[in-house]
Amino acid sequence: MLPSHNLLHTAVFALTVLQALASDTFIAAVYEHSVILPNATDKPVSPNDALVLMNKNMDVLERAIKEAAQQGAHIIVTPEDGIYGWRFTRETIYPYLEDIPDPAVNWIPCIDPTRFPPAPVQERLSCMARNNSIYVVANIGDKKPCNSNDHGCPSDGRYQFNTDVVFDPEGKLVARYHKYNLFRGETQFNYPKEPEVVTFETPFGKFGIITCFDILFREPAVVLVSELQVDTVLFPTAWMNVLPFLTAVEFHSAWAMGMGVNLLSANTHNINTSMTGYGLFTPEGPIAYHYDSKTEEGRLLLAELSSHPRLSPTYLPSVNWSLYATSIKEFPGEKDTFAGAVRRDIFTFSELGYTAGNRTVCQGDLCCHLVYQMSAKSKDEVYVLGAFDGLHGSLIKYHWQICTLLKCKSTDLNTCGQPVEMAQTRFEMFSLSGTFGTNYVFPEVLYSGVQLAPGEFEVLHDGRLKSKNSTSKPLLTATLFGRLYEKDPPHPLRNSL
């Protein structure tokens, strides 16, 4: 006979499943965590000291998970690096790692913690999920022994992976994903030999999971959506904002719209490294998001999402992203251009010298077209239309095509492309399009104060990003991000393995 508390848990879990099955929606939560960081050290700490730090972070996450469950959430996503932080070398992160088995082993660490070698972090996460009857998504580190028979085996005899885990409402490990696209500073981890494309089924849709830098590459992000047809992508991240675009809320929202899926984005919160911005994003725009570059506090967000967004009557069919731009004659002003840098990327810009007009600017194979009319234009502000067609990044490069309507930092044109958060000028209307050589284009509008504009713009079938009415707030940028994955050069680190 099952103990009474197990019978109660089984009943609660069954009720949760039935409720989810009875609805075409689910309640999702994401938590932006202000991580308690380890002290900087060149020497590994003891496993006990590592667990003490991780438990401090898990205390915070557990409170957020409990609160989310009490508010009816079916799933919660927590951030990349959310349990142990960063500041590690390969050696100093080792005490924080656990051996994470393949989910096929059908394991509930909370009720069977001794089945595998000690894994106190997995056990606690499993119990958080089980005790609150909620899916829990967390980012931890996996270690796997190897030997000289494996030609890729590191000299210390182990692989170390940046890893996401998912525990279901029973506490069972249902997904394990090793991050495939490491950011340039993640030298403490190894690259998986092959891209892992991880999905799992829930009563409220098919889910996939990726981590941070993965979102910018075809594998595994595009494969999950375009080939495996997931409904929702889980996205633990530690995203450092890069103004005037590639801020977390801006690009994550744009990606969800461009790919036509839900994206549950949970960011690390650390204002000293410009890490903030997270949310619940859908093909129709952000449902809930938050950006906070001032305070040190973490925050929980919840929202109700469609379980199968592709079945929504308002789901946008495929867009021909170059149809409109290639069908029109060139607007005047194409020769009136200048070069400007957005970090290391050299854009071709054209100043919007009047409060209304048509502009064209080209670079490489990309021509960007803009029709606009400003209202309440500040005399102290300058806007430009910009185009970029080329490789982005320093060590790890990837190919962008970008069309952007952009506010400059000052009236000095040399500041165009520099970080800017505030604006005063509103637009009566704008329509932005480009001759993109890809179907993977991600649209978004960013307002003053790094705020999104849900419901205030639309994407037309012919590839135009168009305002519905006058902008309700001053505009920072309206941008179409295009990714030409087939033009990406070989990865300099992963391909050297």
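Which residues gather in a patch of positive charge on the surface? In this predicted model, the patch consists of Arg184, Arg343, Arg344 and Lys397. One of these residues, Lys397, sits in the loop between β17 (383-392) and β18 (398-407). Its relative accessibility is 35%, so Lys397 counts as partly exposed.

The cysteines are the second topic. A disulfide is a covalent bond between the sulfur atoms of two cysteines. The count of disulfides comes to five. With bonded cysteines counted along the protein chain, the pairing pattern is 1-2, 3-4, 5-6, 7-8, 9-10. Sulfur distances for some of the pairs, among them Cys110 and Cys127, are tabulated here.

| Disulfide | S to S distance |
|---|---|
| Cys110 and Cys127 | 2.1 Å |
| Cys146 and Cys153 | 2.1 Å |
| Cys408 and Cys416 | 2.0 Å |

The link of Cys110 and Cys127 is right-handed, with 105° about the S-S bond. This pair links distant parts of the chain, 17 residues apart: Cys110 lies in the loop between β2 (75-77) and α3 (120-132), and Cys127 lies in helix α3. Both Cys110 and Cys127 are buried.

For Cys146 and Cys153, the torsion about the S-S bond is about 75°, so this disulfide is right-handed. Cys146 has a relative accessible area of 16% and is therefore buried; Cys153, with 17%, is buried as well.

The link of Cys408 and Cys416 is right-handed, with 90° about the S-S bond. Cys408 counts as buried because its relative accessibility is 1%, and Cys416 is buried with a relative accessible area of 1%.

Cys212 also counts as buried, at 9% relative accessibility.

Key: Residues numbered from 1 in each chain as written. Predicted model: local features only at pLDDT ≥ 70, side-chain atom pairs only at ≥ 80, totals over all residues. Heavy atoms only, no water. Patch = residues over 30% accessible without salt bridge, like charges linked within 9 Å, V, L, I, M, F, W, Y side chains within 5 Å. Areas by Shrake-Rupley, 256 points an atom, 1.4 Å probe, with all protein chains shown as cover. Salt bridge = Lys/Arg side-chain N within 4 Å of Asp/Glu carboxyl O. Lys, Arg positive; Asp, Glu negative; His and termini not counted. Charge placed at Lys NZ, Arg CZ, Asp CG, Glu CD. Helix = DSSP H or I, 4+ residues; strand = E, 2+ residues; numbered from the N terminus. Buried < 20%, exposed > 50% of the residue type's maximum accessible area, 1.4 Å probe, protein only. Disulfide = S-S within 2.5 Å.
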